[in-house]
Amino acid sequence: MTEPPVRAMLVLGTRPEAIKLAPVVRAMDASPLCEPIVVSSGQHREMLAPMLAALDVKAHADLAVMRDRQRLSGLTGRLVTALDAVLRAERPDVVVVQGDTTTALCGALAASYEQVPVAHVEAGLRTGNLYNPFPEELNRRLITRIARWHFAPTERAAACLRAEGIAGPDVHTTGNTVIDNLHWMLRQDRGEVAFRTAGKRILVTLHRRENQGGGMRGLAGAVRRLADRGDCEVLLPLHKSPAVREALLPGLSGHPGVTICEPLGYADFTATLAACDLVLTDSGGVQEEAPSLGKPVLVLRTTTERPEAIDAGVARLVGTDPGEVYAAATRLLDDPAERDRMARAVNPFGDGRAAGRIVDALVGDCLRTDAVRRAARD
């Protein structure tokens, strides 16, 4: 008898979630044993629609719950309520969430209220500080207590889960799906480089909530000093957050060495990342993507849940002090040997086949569980 497909509802709402779940959606689409249902919360609505199109992913529902400058409590309440309605209508066998966003937490929470098992992609990341990054560290810990399947990107992440009491068979070390998607997008060859000059090219991405305000204004000052060198072009794709724009634009707008643009589509961002010489970022995903392309990364945070990159030598945690950031970037720009040591290090985040491992484990376990239930009924 042919097995019925496993109905998997994948909940996403931000660009990083779309990037990291797209390979899972494509792997599910390719399997006769799985039926993916993609639900968008709209957490990054303006940026998400073109991203999904570029990734060949179609959302079956868009919840459109965002409000301007909303509080996390309001977003959480609206998301759980909206997701509950979709869960009741679709009746999935499993809900898949990714990472540490409010969308991911609400997807897991709404599923648990309906007693639908949850799979967590990119599980086990930890900084050890509940409020840094906030609310991401809190979200990922809460999702761990809800999830049935824990797909850890690295062995370190898997070890964190086991140390917290998660049963060994429920933890799967898969690699990170962002590497799958990076390789897929580069093969498409769709992107255009956003840099305007041929000098030393610095790609900067900033958006973290804990960096906003005075910290981000200080980082803008460090970026301006780098642009003042005269031999560099700084490219800043500007996040849509009003708080980010208020912090960065006054110090950087109009500088001839700084190219400010709207958020890049994923194809263009990938091409631009491949063309840069140095990355300054507070993004988690960029810490994983850049090493695959041999790009040194300076992490503009005081903690990181991706210490594998630091240990491997592909990234450095430099904090948010403007003087320290400027000094660290200058060393890499002016010392080719130092830069080459980082560029040639081995990426610890996977081989580009994570999505297949996730789908095989998830579908196999769901079908085995269903077979046991049918046998018990019979």
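Mentor: The radius of gyration is taken here over C-alpha atoms, and the rule for a globule is 2.2 Å times the number of residues to the power 0.38. This is a predicted model in which local features need pLDDT of at least 70 and side-chain atom pairs count only at pLDDT 80 or more, while totals for chains, interfaces and linings use all residues. Residues are numbered from 1 along each chain as its sequence is written, and side-chain values use heavy atoms, with hydrogens and water left out.

Trainee: How do you know whether the radius of gyration of the protein chain agrees with that of a compact globule?

Mentor: For 378 residues the rule gives a value near 21 Å, and the protein chain has 21 Å, so the two agree. Along its principal axes, the C-alpha trace spans about 75 × 40 × 40 Å. The chain holds 15 helices and 13 strands, these being DSSP runs numbered from the N terminus (H or I of at least four residues for helices, E of at least two for strands).

Trainee: What makes the pair of R208 and E136 a salt bridge?

Mentor: The term asks for a side-chain nitrogen of Lys or Arg within 4 Å of a carboxyl oxygen of Asp or Glu. The closest N and O atoms of R208 and E136 are 3.4 Å apart, and the pair therefore qualifies. R208 belongs to the loop between β8 (200–205) and α8 (214–228), whereas E136 belongs to helix α5 (residues 136–146), so this contact ties together parts 72 residues apart in sequence. Both R208 and E136 are buried, which means under 20% relative accessible area, with over 50% called exposed and the range in between partly exposed (1.4 Å probe, protein chains only).

Trainee: Why are D334 and K200 called partly exposed?

Mentor: D334 has a relative accessible area of 44% and K200 one of 27%, so both values fall between the two limits. Their side chains also meet in a salt bridge, at 3.7 Å from N to O. That pair links distant parts of the chain, with D334 in helix α13 (residues 322–334) and K200 in strand β8, 134 residues apart.

Trainee: What makes the contact of E262 and K240 a salt bridge, and which parts does it tie together?

Mentor: The distance from N to O is 3.0 Å, which is within the limit, so the term applies. E262 lies in the loop between β10 (258–261) and α10 (266–275), K240 in the loop between β9 (232–237) and α9 (242–252), and the parts so joined are 22 residues apart in sequence. E262, at 41%, and K240, at 34%, are partly exposed. The whole structure contains 33 salt bridges, and one network of them links residues including R208, E136, K20 and D100.

Trainee: Why is the pair of Y131 and F134 called tilted?

Mentor: Rings of Phe, Tyr and Trp (its six-membered ring) pair if their centres lie within 6.5 Å, and planes under 30 degrees apart count as stacked, over 60 as edge-to-face and the rest as tilted. The count comes to one aromatic pair. The ring centres of Y131 and F134 are 5.8 Å apart and their planes stand at 35°, so the pair is tilted. Y131, at 58% relative accessibility, counts as exposed, while F134, at 28%, counts as partly exposed.
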